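These notes are meant for someone opening this structure for the first time. Please read them with the sequence and the coordinates at hand.

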Amino acid sequence: MSKSLEDKNQMGLQLVDVNQKNYQKKQIDESQYIQISEDEQGGDQAILISSKQDNKKICFQIKKVYRNTLDFLKKYSKQTIGVVSVIFSILVLASYFSLKEKCPYDSDHTCLKQFIFPKLFVWICKVLFNSLATVIQFHILISKSTYTLIPAYGFLQSFYLFIFNDNTINLHYYMGGINAIHIIIIAFLLLVYGLIRIWVACFKKYKWICFFGNLSVILTVLILFYYQSILHGCDYWTKGINGQIESQQSSCNILLPKYCWYKITHQWQDLSLLFPTCENASTSQNQKLKIDQFFSPYVNSSQFIAFKNLNSIPEKNRTDEEIQATAFRQSKGYSSLEQAFNDQYDVVFDRKEQKYHIDVQFNKTLSEERKKIANENPSKPLSKNILIIFIDAISRQSMHLKLPKTVEWFEKRSRMHSYVPENKQSEEDKKKSQSFEFYKYNSLKPYTYDNLQNLMYGQYVRDVEVSEEEKLVSIVEDIKQKGYVTGHSSDQCQTLSLSFDYETFGLINSSRYDHETQSYACDPNFQDPESKFGLFQGPYSIVRRCLYGKTMAEYPLDYAKSFFKKYKDNQKFMHLEFSYGHEGTGEVINYLDDPLSRFLENMTDEGLLKDTTVILLSDHGLHMQGIFYLLQLKNVFIEINLPGLFINIPPELNEKYGDQIALNQQSLVSVKNLHHFIKQIIVGEEYENYKQSLFNHLQFQKQCHDIGVFDSGNCSCK
Ligand SMILES: [Zn+2]
């Protein structure tokens, strides 16, 4: 044996000596092995044996260190877990604050494309780490693995960060949204953790009885409650107010889902149930301070704040980014309500009572001017009044599911299967108003802008440069030129829902209505100027929207009613917009049904909807699908392309065109056809593009490419 080998062997033996008690047998085996090898294999083999021997010794040492470490950890486990907990707290802190990044761009669209999307993966990893670390802290805390204060601090730190630290969501910061994702994931992980603990405890005690017992309870509950809705959940899906989606041979056949998850999970995510109703929500001192903060510089301490109609201010002050500050700046203080109304302000806020007064002020000059235009117009409009109710992001199916009372208003005025040519109306039926539902109304893209630009401007431009003269002009200008008085209101602090921002500013002229108001929607207690996209407040809130003890939707509805009353004798066009569908749970829309259906019923009862074409539409299905998107549920991606379109026409229009419009209920139609429909109403029979309008049987629109939809992902046909 060489010297070095001998030394090493010696060293090995010494090491073995140290652990003699435990490893005596092994040492003997090893000595024998070396001896045999040396005699029989010669010198080279001895080196090989020596290296094998070395490896064994290294392994042996590693095992020893490992064992010692374990012994140490066992002995000092409390301290060790304490250190781990502290490290987690520090890492969570660092990871959380690294999520606070500012978007450097000036529009939502660019921020989404160039800032959020590229960072999303890293953000999600950080959020997952933070959530997991928080749940581990919780486990350490309740399993009493270390000194209570250490994990308690870690858990409370996360609690503070994710709930209270910073819930800003505006154009540049998104912490409120990131916090919400933290909370959702932690809640889910805690639920799983709790279930595992219960199951483990149960299993230890009752073994397999527990396993099968639990399984049978869960299955029984599922079968009892959801058997019907899972198996028959799609029964409603094809149905409508006067029939159902019909399949046709040579044209678009709508894709049908197997499971209809919006129906199965209806109200599951309704977080509003955890909050008081709008009527019971108390007004706080904070709300008064907020009004002082944003209005006092312009109205001092006046009790009444009057809101100017912003239809004549420069375009740059009407963008989505500027409109709220403009509304504050243009407000005027009054000491009495009468004085403000006398000065022709439609909306006045009473600071003392914390209440909005809405009373559209009749403009005699405007009324007479428009009457004159209407009288001098050689071609008569097809309908005296038009009322458009736009709801963002809700499918036709979800309108039936979430807005049953509103849909019922249309249903009560419809005839079954009116779309079948043989089923023409009797003379008696023609003397009534008639409702239609468009079963194959396909969105152009699952975004608001693309659809509404086609509705309001008749065409689509995006990401191009146009000169001032080439900017698109709104249909509202045509409507005014035909002698209509126009009005607009919504639950959003915008001139129009289609986003008039830094990007679109260069492509379109904003729609300017004779009577328009953003006042209540721009109220700082509704849309927080510092956090415009709040999760629990404002137009994107995931809980019901309230303002001073009233449901938000009631404000624009009151405004529309007042407008209809004041201009009773004029031709009028009223455009209402709601963003109740624009949020991730898909449940806030439930709270629009009552006020909207009540509005339609009251307006009908008071005779205000006489001679009025009522159009209820959306632009696309739910496109912020939250949990449904994560689960990649098929019906969600079908419904996103199938918004709702309901139209009720007055008797005189029905008599002439009812049967013709009815045929299009089973045609593939888009918002462009609705644009031409509105134009034909205001222009009259001589409308040049009548072939594109819903008045004309659109049989030539057979497949998605016929309506300008070329991406199969945006098409609802098979
Ligand atoms: Zn939309």
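1. The model is a predicted one. Begin with strand β3 (residues 347–350), which pairs with β4 in the antiparallel sense over 4 bridges. Across this pairing, Phe349 of β3 stands opposite Tyr356 in β4.

2. These two strands belong to an open sheet of 4 strands, ordered β2-β1-β3-β4, in which the pairing is antiparallel. The edge positions are taken by β2 (332–334) and β4 (355–358); each has a single partner strand, so one side of each is left without a neighbour in the sheet. On average, and with direction ignored, neighbouring strands of this sheet are turned by 30° against each other.

3. A further open sheet has 7 strands in the order β6-β13-β12-β5-β11-β7-β8, with mixed pairing. Which strands stand at its edges? They are β6 (434–437) and β8 (515–517), each with a single partner strand, so one side of each is left without a neighbour in the sheet. From one strand to the next, the twist averages 10°.

4. Helix α23 (residues 651–663) lies across β6, β12 (612–618) and β13, and runs at about 20° to β6.

5. The largest nonpolar core has 137 residues. Val348, Tyr580, Leu592 and Leu674 are those with the most contacts inside this core. Helix α24 (residues 671–683) gives the most to the core, with 7 residues. The core lies between domain 2 (77–215) and domain 3 (279–395 + 450–624 + 657–691), because both give residues to it.

6. Leu592 deserves a separate look. Not counting residues up to four places away in sequence, Leu592 touches Leu403, Ala553, Phe578 and Tyr580. Tyr580 is also one of the residues with the most contacts inside the largest core. Apart from that core lies another, of 6 residues, among them Phe88, Val92, Ala133 and Leu161.

7. Last, consider Ile373, in helix α13 (residues 364–376). How many other C-beta atoms lie within 10 Å of Ile373? There are 15. A residue counts as buried at 20 or more and as exposed at 12 or fewer, so Ile373 is partly exposed. The C-alpha atoms of Ile373 and Asn167 are separated by 52 Å, and the two residues are 206 residues apart along the chain.

Notes. Residues are numbered from 1 along each chain as its sequence is written. This is a predicted model: local features need pLDDT of at least 70, side-chain atom pairs count only at pLDDT 80 or more; totals for chains, interfaces and linings use all residues. A nonpolar core is a set of buried Ala, Val, Leu, Ile, Met, Phe, Trp, Tyr and Cys residues joined through C-beta atoms within 7 Å. Domain bounds come from an automatic or database domain assignment. Two residues are in contact if their C-beta atoms, placed from the backbone, lie within 7 Å. Two strands pair if DSSP finds at least two bridges between them. Axes are lines fitted to C-alpha atoms, for helices over the stretch in contact, and angles run from 0 to 180 degrees between N-to-C directions.
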